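Dear colleague,

I am handing over the structure that we discussed. Please find it directly below, followed by an account of what was found in it.

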Amino acid sequence: ARGQGGEDRLRRSGRIRRREAGRPGGTRAMAEAAKERGNERLRAGDVDGALEEYSKAIELDASNHIYYSNRSAANLKLECYAAALADANRCIELAPRWAKGYLRAAAAYTGMGNAEQAAAARQKAQDLGGVPASAAPAGGAAARQPAAAASTSSAPPSARASLPADLMSRMLLALRGFFVLNVLLYIVPGLGGSGSFQTALLAVFGCYMLELFQLHGRPEQSQAYAQRLIMDWRSQYAMTALLFSFVGNSRLVVLAPHFLAEVGHVAHAVMLYAPSTAARLAPVVNGTIAPRFVGVPAAEWAGMSQIRRWELFNARTITVNAAMEVGIGITLIAEMLTPQRS
């Protein structure tokens, strides 16, 4: 009897949902409700749940460009850049005059290492007047990053940001600084030596693990979680850092990919939390080091926004790190064929 009653309730709830969907605006109201649930889940850190709710909203109303924009933001947070780009392009098709769609596409292109397409998409967004405050979709750190970076670039040198409130972000910031310090100690002769080499690798291993926890949440016994973790480049970097911290002799080339992956975050932290130090370093970094590394003239670099500089630095870092990884792999294979292999 209880089973029959449960089936009756399910049938009644199904009829209610169908009646609501059949009313004028009923489907749109259900889609909006799904979008709001997605926003709540994204704010709570449940990116997979948010992705599911945004997909439900799109199923109910595929004509709303904001739903595609929000799902693109969730995919960006998961670093599923191809899916994020597909949603961003659909958003642009539905609302070609909405700047946020182009910003989503720019972020996806940046993640894929396509700096040229990212610059074109961001330029289109700027031509449309940027992102009005009333048009910004709710939810997610990925949606807030461009605005945060823009405010950093326009802030006066004396404006000092407060340290992050949550313990996880503070630990990540401290580990990044500790890693860079140990790299510098290792490079300078007579200071750190192999001890600093191992300490630096263990510190950057901690950075990657904290980032993985922030991005993917607590470990879960699910195929989807395992797939996300395996496909995340931080997992690969964490394993190589742990491996080389215990095996083999210290080599500067082993530290180089990790240093490039983290030094940009450290520089960003210096700009936020030590603006006077950043102002003293800016002439050297912006006049010589950064333009040469990225491959643009110093005058052109000086006229770029902070967001654009970050995009070019990230794209160049991906290319250089990939080349170094291939080089390290070939070297390891060649070394295995020699009589004296370490």
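Predicted model: local features only at pLDDT ≥ 70, side-chain atom pairs only at ≥ 80, totals over all residues.

As general background, nonpolar side chains in soluble globular proteins tend to be buried together. Here, the largest nonpolar core has 20 residues, and those touching the most other members are Phe179, Phe197, Leu201, Tyr208 and Leu255. At least two residues of this core come from each of four helices: H9 (167-187), H10 (193-216), H12 (233-246) and H13 (252-273). The helix that gives the most is H10, with seven residues. Beyond its neighbours within four places in sequence, Leu255 is in contact with Phe179, Val183, Tyr186, Phe197, Ala200 and Leu201. There is also a second, separate core of 16 residues, including Leu103, Ala106, Ala118 and Leu128.

Turning to the helix pair, H13 packs with helix H14 (residues 275-294) at an angle of about 145 degrees, and their axes are 9 Å apart. The crossing of these two helices is left-handed. On the H13 side, Leu260, Val270, Met271, Leu272 and Tyr273 take part, meeting Pro275, Thr277, Ala278 and Phe293 of H14. Classified by residue type, this contact of H13 with H14 has eight nonpolar residues, one polar residue and no charged residues.

As for the cysteines, a disulfide requires a pair of cysteine sulfur atoms within 2.5 Å, and by this rule the count is zero. Cys80 is partly exposed, with a relative accessible area of 32%, whereas Cys207 is buried, at 0%.

With kind regards

How values were computed. Residues numbered from 1 in each chain as written. Heavy atoms only, no water. Buried < 20%, exposed > 50% of the residue type's maximum accessible area, 1.4 Å probe, protein only. Core = buried A, V, L, I, M, F, W, Y, C linked by side-chain atoms within 4.5 Å. Contact = heavy atoms within 4.5 Å. Axes fitted to C-alpha atoms, helices over the stretch in contact; angles between N-to-C directions. Left-handed = near helix turned anticlockwise from the far one by under 90°. Nonpolar A, V, L, I, M, F, W, Y, C, P; charged D, E, K, R; others polar.
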